[in-house]
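Subject: Structure handover

Hi,

Here is the structure I promised you. Please open it alongside this note.

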Amino acid sequence: MLRCGLRKASWLLAVGLPCLVVLSAAAHDQAAAETGGAIAVAQVDSRLEAWRQAYKRPASVPYPPENPSTPAKQALGEMLFFDPRLSRSGSVSCASCHNPSLGWRDALPTASGFRMQPLPRRTPSVLNSAWLASLMWDGRADTLEAQALMPLTAPTEMNMTMPEAVQRLQAIAGYQPLFEAAFGAGKPIDGAGIQAALATYERSLVSPRSAFDAWVDGDDHALSAAALRGFALFTGKAGCVSCHSSWRFTDDSFHDIGLPGDDPGRGRYAPPQVVPMQHAFKTPSLRDLPPRGHYMHDGSIDSLPAVLAHYAAGGIERPSHSQQLRPLQLSDSEREDLLALLSAISGPPLQVRLPQLPQ
Ligand code: HEC
Ligand code: HEC
């Protein structure tokens with residue numbers, strides 16, 4: 001339907017040509033009530049156009065100056081990410097939970113840890129982690145380098161100590177030349193190198209482009225009318241944009257969206273008087289969501305329609321409940337439009353080769 005394109009719509013309206021701009025009925029009505037008629041449509045159109053620009057992908061991956069990327073370091077990090085010998089049992093690698101064929105997550109409500117014990121939280125994807133401002137659902141890690149130590153040494157996960165992990169790698173002849181290629185001749189295998197290489201590999205994992213990206217970059221035909229209406233809802237009436245902002249669809253902040261449960265989330269690291277941080281969890285990216293599966297920090301919601309039903313119901317009331325969540329009434333077709341948007345945000349799976357591990 002929207003074939004004259006959002007970019008041109010304002011101009012067409014200005015000269016009085018008919019152009020069917022796809023907007024949610026409510027956004028249209030609200031704007032029409034405010035200013036009336038075609039001018040209102042033009043205004044909503046320019047609002048959407050501004051949002052379109054706000055979701056533009058960055059041109060390149062940010063690597064920190066203290067840990068620049070090189071092909072050798074990235075290749076080493078890739079091997080370490082897939083190497084189960086970094087775990088005490090010898091059977092768990094980073095990729096066991098962040099599985100590339102499962103969207104860099106797992107298919108479980110919450111992760112399965114050492115000796116298959118269930119962990120309290122769901123495995124997030126590691127795609128686009130180069131841009132993470134804080135890591136983990138509660139933001140307790142600041143950098144990918146620091147984060148890498150956590151699963152490696154957590155007794156409930158890979159259950160190693162860093163000195164033991166270093167010893168394991170030193171005993172594998174093939175690793176020494178890889179460390180030297182990454183960090184310089186004569187450089188011994190050490191914990192800092194393991195962390196730096198893992199982080200470098202993770203930074204290289206970026207969401208492939210999606211239909212939504214093509215639309216953002218100017219292809220007016222890349223999105224279906226339903227997905228376009230979904231974006232108008234997302235940035236308008238439904239208010240999703242107040243937290244799922246930026247090209248990654250996250251504000252990198254923490255909110256209590258009213259899920260039941262007593263996990264304090266970010267609240268564990270904030271003083272008790274900072275009420276909004278209690279039960280608050282990091283806004284997850286909405287890119288590359290699995291079409292089915294487990295959502296939220298605790299894996300408690302198992303479908304995207306159920307996520308929308310949660311937002312419509314509003315979640316449980318408590319003092320920390322986010323004030324940015326508005327009471328929301330969504331018709332069946334509006335829900336379909338939001339789901340169409342979520343699907344258009346996701347690109348094809350990121351193809352990676354499984355490395356041949358050093359012996
Ligand atoms: C047993 C499953 C498991 C293993 C093994 C594992 N992870 Fe994770 N990973 C998780 C879970 C669960 C979380 C979320 C934990 C939390 O927030 O408390 C997580 C979080 C992360 C995050 C933060 C993502 C974000 O959005 O904040 C990164 C990065 C990460 N893991 C990388 C790694 C690396 C690197 C390894 C290997 C050294 C690894 N993981 C091993 C389950 C696992
Ligand atoms: C107040 C901020 C906020 C608003 C507004 C908001 N979200 Fe969220 N969203 C979050 C947070 C925080 C989480 C994770 C909560 C948790 O796990 O405890 C989340 C989780 C999700 C998830 C699950 C993603 C995953 O990987 O588990 C989806 C899907 C989602 N939101 C879609 C939406 C949609 C669609 C809207 C608009 C109707 C919306 N959100 C509005 C903050 C928000």
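Below is what I found, starting with the numbering and the overall fold.

This is a predicted model: local features need pLDDT of at least 70, side-chain atom pairs count only at pLDDT 80 or more, and totals for chains, interfaces and linings use all residues. Residues are numbered from 1 along each chain as its sequence is written, while chains are lettered from A and ligands numbered from 1 in the order in which they are written.

Overall fold. The protein chain has 13 helices and four strands. Both are DSSP runs, numbered from the N terminus: helices are H or I with at least four residues, strands E with at least two. Of its 359 residues, 38% count as buried. Buried means 20 or more other C-beta atoms within 10 Å of the residue's own, with C-beta atoms placed from the backbone. Helix α11 (residues 225–235) is mostly covered, with nine of its 11 residues buried. Among them are Arg 229, Phe 231 and Phe 234.

Ligand 1. The shell holds 27 residues. A residue belongs if its C-beta atom, placed from the backbone, lies within 6 Å of the molecule. Cys 94, Cys 97, Met 136, Trp 137 and Pro 151 come nearest. Helices α5 (94–97), α6 (144–153) and α9 (191–203) each supply at least two shell residues. The largest share, five residues, comes from α6. By type, the shell has 17 nonpolar, six polar and four charged residues. Here Ala, Val, Leu, Ile, Met, Phe, Trp, Tyr, Cys and Pro count as nonpolar, Asp, Glu, Lys and Arg as charged, and the others, Gly among them, as polar.

Helix α4 against α8. The axes of α4 (residues 71–82) and α8 (residues 175–183) come within 7 Å and cross at roughly 140°. Axes are lines fitted to C-alpha atoms over the stretch in contact, and angles run from 0 to 180 degrees between N-to-C directions. That makes α4 oblique to α8; oblique covers whatever is left once under 35 degrees (roughly parallel), over 145 (roughly antiparallel) and 65 to 115 (roughly perpendicular) are taken out. On the α4 side, the contact uses Ala 72, Lys 73, Leu 76 and Met 79. Contact means C-beta atoms, placed from the backbone, within 7 Å. The residues of this contact divide into seven nonpolar, no polar and one charged.

Helix α4 against α9. These two pack at about 95°, with axes 7 Å apart. They are therefore roughly perpendicular. The contact has eight nonpolar, three polar and two charged residues.

Best wishes

Conventions. Buried ≥ 20, exposed ≤ 12 C-beta atoms within 10 Å, placed from the backbone. Contact = placed C-beta atoms within 7 Å.
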